[in-house]
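Visitor: Could you walk me through this one, a few helices and their packing? I'll ask, you point.

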Amino acid sequence: MNKKWTTAAAVAALALGFSLSACSTGTTASSSADNGVSAKADAALKEIQGKVLSKGPHGEDPSPREAVALSDSEVAQIKAKGATAAIVMHYAGNDWATAQVNGLKSEFARLGIEVVAVTDANFKPDQQVSNIETVLAKKPDIIVSIPTDPVATAAAYKKAAEAGVKLVFMDNVPNGLVAGTDYESVVSADNYGNGVVSAHLLAKSLGGAGKIGVIYHEADFFVTKQRYQGFTETIAKDYPDIKVVKAQGIAGPDFAGDAQKVADAMLSQNPDLNGIWAVWDVPAEGVMAAARAAGRTDLKIATEDLGTNVAIALAQNQLVVGLGAQQPFQQGVTEADIAGGALIGKKAPAYVALNALPVDHSNVLDAWKQVYSTEAPADLQKAYVK
């Protein structure tokens, strides 16, 4: 998705409370109101733990990843196929994409499926179309991909489907393709739920009152639209004393730089701004840079996706107060299972989704392990302030 897109039981049991210790060197009108907001936010987060709030690209109800798990007998049948797969990314080289690819490669290896290509479109639809054409020359049995643009890439994916390739999508689907006919399934995080989670965590940090800015993804990208919708609807419905004074989109490809420019302007024009929401962690890095440049170390930032830099900020209790995390490694495993099952005629639900994970200072190290299926890196562990 987007530059970064990431067993709920383990994280669901973790505490969600946190405190922000940094103080401001700039002008602010930080709210001290609470009026039971912390308890309200905690109750809301507890209520949605383990649940998926999103619908699929065509309004499909979500199915859990357990619905596509493979039996030992099915794994043996898939291994006997000696199949090949290609992974066609919208963008690579970041924590979310790396975790997706790692999950796919790990599960494909278990299934005896050889990965013959991994491509990076750098978020350019024309490059992704070219990548698909190049990959098709390798005659893979499977393509797992995330479309950069649902319209511009549709014909290329349709060509792959007509060639008999089993298609599985991450997060987004091309226009005009039909689940069960042209592609097997789309696997996603609960992006609406991630927006909801980040709204509750930001509201909690603000005590339920204040002025905020919103930086969204200005593109026809299904899952980032869901995040924005989940966040803004939750703030409007549950926290009427939090006012969005400015909302502005960024289109990239320099998402961190674009977000920094937008945040600079927001802080300059609104010196009493209390917080900013950014649509994923790379834009949030730009917001952090703007806050530091303005001396606004008291600014409260919420986002989505547990990237390294926002994780370190959470660990240090600086600027970032909370986020909704995806489970990209497990998404990759799920996508591989669907693709492998398709080789032996196993039908998958049209839309499979993994629940959002609330992450704040208190559980950032444990959440990292859940999101990436590995221990938190040494730099992150060292950064943690108890």
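Guide: Helices (H or I, at least four residues) and strands (E, at least two) are DSSP runs numbered from the N terminus, and the expected span of a helix is 1.5 Å times one less than its number of residues. This is a predicted model, where local features need pLDDT of at least 70, side-chain atom pairs count only at pLDDT 80 or more, and totals for chains, interfaces and linings use all residues. Residues are numbered from 1 along each chain as its sequence is written, and side-chain values use heavy atoms, with hydrogens and water left out.

Visitor: How many Å does helix α4 reach from its first C-alpha to its last?
Guide: Helix α4 covers residues 95-110, which makes 16 residues. At 1.5 Å a residue, 22 Å is expected, and the computed reach is close to that: 22 Å.

Visitor: And what covers the buried residues of α4?
Guide: Buried means under 20% relative accessible area, exposed over 50%, and partly exposed in between (1.4 Å probe, protein chains only). In α4 the buried residues include Trp96, Leu104 and Phe108. Contact means heavy atoms within 4.5 Å. The cover includes the strands β1 (84-89), β2 (114-120), β3 (142-145) and β4 (166-170), plus the helices α12 and α13.

Visitor: Is Ala160 buried or exposed?
Guide: Ala160 sits in helix α6, residues 154-162. Leaving aside neighbours within four places in sequence, Ala160 is in contact with Leu136, Ile143, Val165 and Leu167. Its relative accessible area is 0%, so Ala160 counts as buried.

Visitor: Which residues does Ala376 contact, leaving aside its neighbours within four places in sequence?
Guide: Ala376 lies in the loop between α13 (364-372) and α14 (378-383). With 6% relative accessibility, Ala376 is buried. Its contacts beyond those neighbours are Leu365, Trp368 and Gln381.

Visitor: Which residues have the most contacts inside the largest nonpolar core?
Guide: A nonpolar core is a set of buried Ala, Val, Leu, Ile, Met, Phe, Trp, Tyr and Cys residues joined through side-chain atoms within 4.5 Å. The largest has 57 residues. Apart from it lies another core of 31 residues, including Phe221. Within the largest, the residues with the most contacts are Ile215 and Leu306.
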